[in-house]
Amino acid sequence: MRVKAKLYPKEAARLLREQPGVREAVTGATLHFEANRKRAYQEIDAEAWRERARRVKDHLLTHLDHYLELAEKRLQEKGVQVHWAEDPEEAHRILREIVARHGVKRAVKAKSMLTEELGVNPLLESLGVEVYETDLGEYLIQLLGEPPSHIVGPAIHLALSDIQRLFHQRFGTPLDASPEALAAVARKVLREAFLTADLGISGANFLVAETGTLALMENEGNIRLSTSLPRVHVAFVGIEKLLPRFADLALFLPLTARAATGQRLSTYVSLIQGPAKEGEEGPQEVHVVLVDHGRTALLHDPEAWEVLRCLRCGACLNACPVYRQTGGHPYGYVYSGPIGAVLDPGLLGLEDTYPLPYASTLCGACYEACPVKIPIPKLLLAWRNRAVERGLAPTWEKGAMQAFAKVMQSPSLYRLLSKALRGFPLPQDLLPLLKAWTEGRGPLQPSPKPFHQLWQELKE
Amino acid sequence: MDAKSRILSRIRHALKDRPKALLPEHPHPAFSQDTMELFLKRLAENGAEGHLVDKEGARKLLADLAQGLPGAAYGKGVPDALRLLPELPPEEAPLGVSRALFAVAETGTVALSSEDGRRTQLLPPVHLVLVEEKRVYPSLLEAFLDLKSLPSAIGLHSGPSKSADIGQVMVKGVHGPGRLVVAVLQGTW
């Protein structure tokens, strides 16, 4: 996938100007998800669940080589074919071979962020394979030719009217068709695809090393169909997605569901142990592709590796006041919102993603929501420090910050300067940083009396 | 070197100086609420229907569901006594009947084995699941710790198929069954 993260500030501003409906749709959807998550956390001892999940994931990551080899062994014992891919090119080669060997003409896909990273759809299309995204939201954006804008709800930036217009053009449904009627049209198209596809492609929420179990979570049933009906199933799994023991799923499945959508468990969970046995329905072949694509580099990074605990639940996006303004598209890569701001620089390098760690108010809501306690604000600061060190941040920023620190540390200097600002306000139209502020708001007006003095008067 | 050795060697290098984190024990499973009461409550909250029935009650429930239908698709484990309608392929059947591996009260879930048949569990618009009373576990952890062997696939179903992807409006029966009915069977069968 082409990375456009460098354009973040420009794209965010453009979207806010040109498509104000996106802000409304995204804010509505994320506030809804966030309220559900809070309610679901209150029902359990969330602190204890999160801490336990963090510890399991840290154990897994600090023994990752052991668990990857164990997972491979268990998968192979169950008749699953295991492949390893360092980068998208290797993943493509593996998939190309499978497509050629089975003469695949049609594929059904279950939503997976890793396959977005790898560019699986463009590859399949170039091979002449017809690809159907089968998650309803993902199907909508596939019709529109857009990337997902949210890790869990890929189409939350679309309003009902957008979808009504899309289906009117594509399928001739009335412009005021109900969501039920639109879903029925999609169901019909996709049901036909499920029944005729040769290949089912998925990601995985978890891969259990102890049993070689692929775990997939969803609400629609499309993942169970994609992994049950076609004769070949290929699952792309990031190497950090492992869990040590089967029973760990009893913690991670409900915790992920609560964090993502506020459910006690997602409607459907598929626990897959291998291809169909003799006389059984299901795929004849199951392939697991273990993908690195930047993950080992992140594991190596002492200041950034904790981000690999991520379960891709999207809770931090829903909690983020910055994400809510634009949705995920301006972030310019697969992962958006707070997790994208610390994961994308780790996967792709800071040079190509420099603005993302700044796309945050550092309010800490993302950390409070995270089911595995990833210290996102701390990681944002680590990436910002590096941006300054590597000269990616503008040079005036460093100077301005140093001057600011000096003033804030010296009470006499602070008083002198604030007095001066009250007497001679800054030329607000001339300074670029202030201009950006005043464009959408009234001019900055200093209080006639210093806070210090107001506080004294209040006490008297 | 192949991709596998390169990835593993990079991981070992990355972990060389990192302190190893300990794996916490599973919490001791303890659920005080009445399991059956909780299971039926959670099923209802998930938008599914739950019934606690004896053999005769199960037949009656099935007869009610089957009214006016030409046939049904059956899972392999469904007893003959409960195959009231002519058998249809799952692609055409208006009703699917399955026998669950187990159920979980905590989450209002039925667990279905691929050995019972996957199409019947997914393709018909209405899905009736039979589960023995003694196979209803209080929690997911207890159910998982008790599993002796794993079939090629397990499906955990907790309510009807649903999506809010179209304008944040909840729609049922998007891909899978829009109606899930669970019959908890008392006694042995």
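Tutor: Strand β1 (residues 81–85) of chain A is mostly covered, with four of its five residues buried. Strands are DSSP runs of E, at least two residues long; helices are runs of H or I, at least four long; both are numbered from the N terminus. Buried means under 20% relative accessible area, exposed over 50%, and partly exposed in between (1.4 Å probe, protein chains only). This is a predicted model: local features need pLDDT of at least 70, side-chain atom pairs count only at pLDDT 80 or more, and totals for chains, interfaces and linings use all residues. Residues are numbered from 1 along each chain as its sequence is written, chains are lettered from A and ligands numbered from 1 in written order, and side-chain values use heavy atoms, without hydrogens and water.

Now the partner strand. β1(A) pairs in the parallel sense with strand β10 (residues 285–291) of chain A, over five bridges. Pairing takes at least two DSSP bridges between two strands. Val82(A) stands opposite Val288(A) in β10(A).

Next, chain B. Ala3(B) is in contact with Trp84(A), Glu86(A) and Glu90(A), leaving aside neighbours within four places in sequence. Contact means heavy atoms within 4.5 Å. Ala3(B) is found in helix α1 (residues 3–15) of chain B. Ala3(B) counts as buried because its relative accessibility is 8%.

Now the whole interface. Here, 67 residues of chain B are in contact with 86 residues of chain A. The two chains bury about 6,700 Å² between them, 59% of it on carbon and sulfur atoms. Buried area is the accessible area (1.4 Å probe) that two parts lose on being put together, summed over both.
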